[in-house]
Amino acid sequence: MDKFRMIFQFLQSNQESFMNGICGIMALASAQMYSAFDFSCPCLPGYNEAYSAGILLAPPLVLFLLGLVVNNNVSMLAEEWKRPPGRRTKDPAVLRYMLCSMAQRALIAPIVWVAVTLLDGKCFLCAFCTAVPVTVLGNGSLAPGLSAPELARLLARVPCPDVYDGDWLLARDVAVRYLRCISQALGWSFVLLTTLLAFVVRSVRPCFTQAAFLQSKYWAHYINIERKLFDETCTEHAKAFAKVCIQQFFEAMNHDLELGHAHGAAATAPAGSAAPETTDGAEEEREKLRGITDQGTMNRLLASWHKCKPPLRLGQEEPLLGNGWAGGGPRAPRKEVATYFSRV
């Protein structure tokens, strides 16, 4: 258990590196999934386009959503976006920075899927086989003798070598090479475009808005750390609250049992010797409760944290308002009185 705890703490302290590793694994998994996927084109007009569009778009959408799900900052972003302003304003730049940082990682696996699909060419071949220029690549003199539905039905069978019977009009190998060449050109263009876009976003953009970028990055880290510390403090408080409740329960049960026994004198001697230690432990746990000793007060505190987070000002002593937060406005200066004693 200690090893697992150390690994978990390491992952928490290196969350950004961990998320980058998860996104890399998902990208490799998407490529492996495509290689293991059995692509079966229906070879029917109208169905080829729908099947190819589903293969090209549906898995990337699923991978994108999975990339957002495994990112712990999604809930933090939603909480920061939907919370009431209270005494702390919401900065749209920070929200945009958090959203962009999550989207960049979540888009890695979908981009890999689309790139691998285009470079392979099967999906493009299935989708655009009916758009092959027969008059240029095939026997154009025979094409006018076929109606448009018949020609589309014949060309839709190009991806299926076992059912294609139109070699007299267009050689299947010619159509396949033509469409795969276009698909691979689109695939490499897509890879080049996404690489240039990533370079611009990661390298060039901060150079023009360096101050705003650093501010957004700082406060995004602050929100993440603040949430973690608040969760740890709540866990500490809940643990102390549970300990005090359990101690009170056992003390009450012990008192009832002592009253029910006729030979209470013999039983109270060891209990009396352990009483100071138990009392000291209870007092220590009560100090951790910070004065919050009932469910209603704790619920109000949690609601106040959500509705009215404290302002981001340190080192200013302000009176607390009714909701528990520091009040605004300047305070009257303190009057200090010095008293001197002299020996006569």
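Visitor: How many aromatic pairs are there in this structure?
Guide: This is a predicted model, and the count comes to six aromatic pairs. Rings pair up here when their centres lie within 6.5 Å. Take F124 and F128, whose ring centres are 4.6 Å apart. That value is within the 6.5 Å cut-off, so the two rings form a pair.

Visitor: What makes the pair of F124 and F128 tilted?
Guide: Look at the angle between the planes, which is 35°. Under 30 degrees would be stacked and over 60 would be edge-to-face.

Visitor: Where do F124 and F128 lie?
Guide: Both are in helix α7, which runs over residues 122–128. They sit four residues apart, about one turn of the helix.

Visitor: How do you know whether F124 is buried or exposed?
Guide: Its relative accessible area is 12%. Buried means under 20%, so F124 is buried. F128 has 42% relative accessibility. Since that value falls between 20% and 50%, F128 counts as partly exposed.

Visitor: Why is the pair of W219 and Y222 called edge-to-face?
Guide: Their planes make an angle of 80°.

Visitor: How far apart are W219 and Y222 along helix α11?
Guide: They are three residues apart in helix α11 (residues 210–260), so about one helical turn separates them. W219 has a relative accessible area of 32%, and Y222 comes in at 26%. Both values lie between 20% and 50%, so both residues count as partly exposed. There's a cluster here too: ring pairs link Y218, W219 and Y222.

Visitor: What makes K82 lie over the face of W81?
Guide: K82 is at 5.4 Å from the ring centre of W81. The distance cut-off is 6 Å, so K82 passes that part of the test. The charge also has to be within 35 degrees of the ring normal, and K82 does lie over the ring face.

Visitor: How many disulfides does the structure hold?
Guide: It holds two disulfides. One of them joins C41 to C126, with an S to S distance of 2.0 Å. The cut-off is 2.5 Å, so this pair qualifies. The link of C41 and C126 is right-handed, with 75° about the S-S bond.

Visitor: Why can you say that C41 and C126 tie together parts that are apart in sequence?
Guide: C41 is in the loop between α2 (15–36) and α3 (47–69), while C126 is in helix α7, so the link ties together parts 85 residues apart in sequence. C41 has a relative accessible area of 13%, and C126 has 0%. Both are under 20%, so both cysteines are buried.

Visitor: How do you know that C43 and C160 form a disulfide?
Guide: Their sulfurs are 1.6 Å apart. That's within 2.5 Å, so the pair counts as a disulfide. With 80° about the S-S bond, the link of C43 and C160 is right-handed. C43 is in the loop between α2 and α3, and C160 is in the loop between α9 (148–155) and α10 (172–208), 117 residues apart. C43 has 5% relative accessibility, and C160 has 12%. Both values are under 20%, so C43 and C160 are buried.

Visitor: What pattern do the disulfides follow?
Guide: Counting the bonded cysteines along the chain, the pattern is 1-3, 2-4. C129 is in no disulfide. Its nearest cysteine sulfur, that of C41, is 5.9 Å away. That isn't within 2.5 Å, so C129 has no disulfide here. C129 has 0% relative accessibility, so it counts as buried.

Visitor: What makes the reach of helix α6 close to the expected value?
Guide: Helix α6 (residues 108–120) has 13 residues and reaches 18 Å from its first C-alpha to its last. The expected value, at 1.5 Å a residue, is 18 Å. The buried residues of α6 include W113 and L118. Just after α6, G121 takes a positive phi of about 90°.

Terms used
Residues numbered from 1 in each chain as written. Predicted model: local features only at pLDDT ≥ 70, side-chain atom pairs only at ≥ 80, totals over all residues. Heavy atoms only, no water. Helix = DSSP H or I, 4+ residues; strand = E, 2+ residues; numbered from the N terminus. Buried < 20%, exposed > 50% of the residue type's maximum accessible area, 1.4 Å probe, protein only. Expected span 1.5 Å × (residues − 1).
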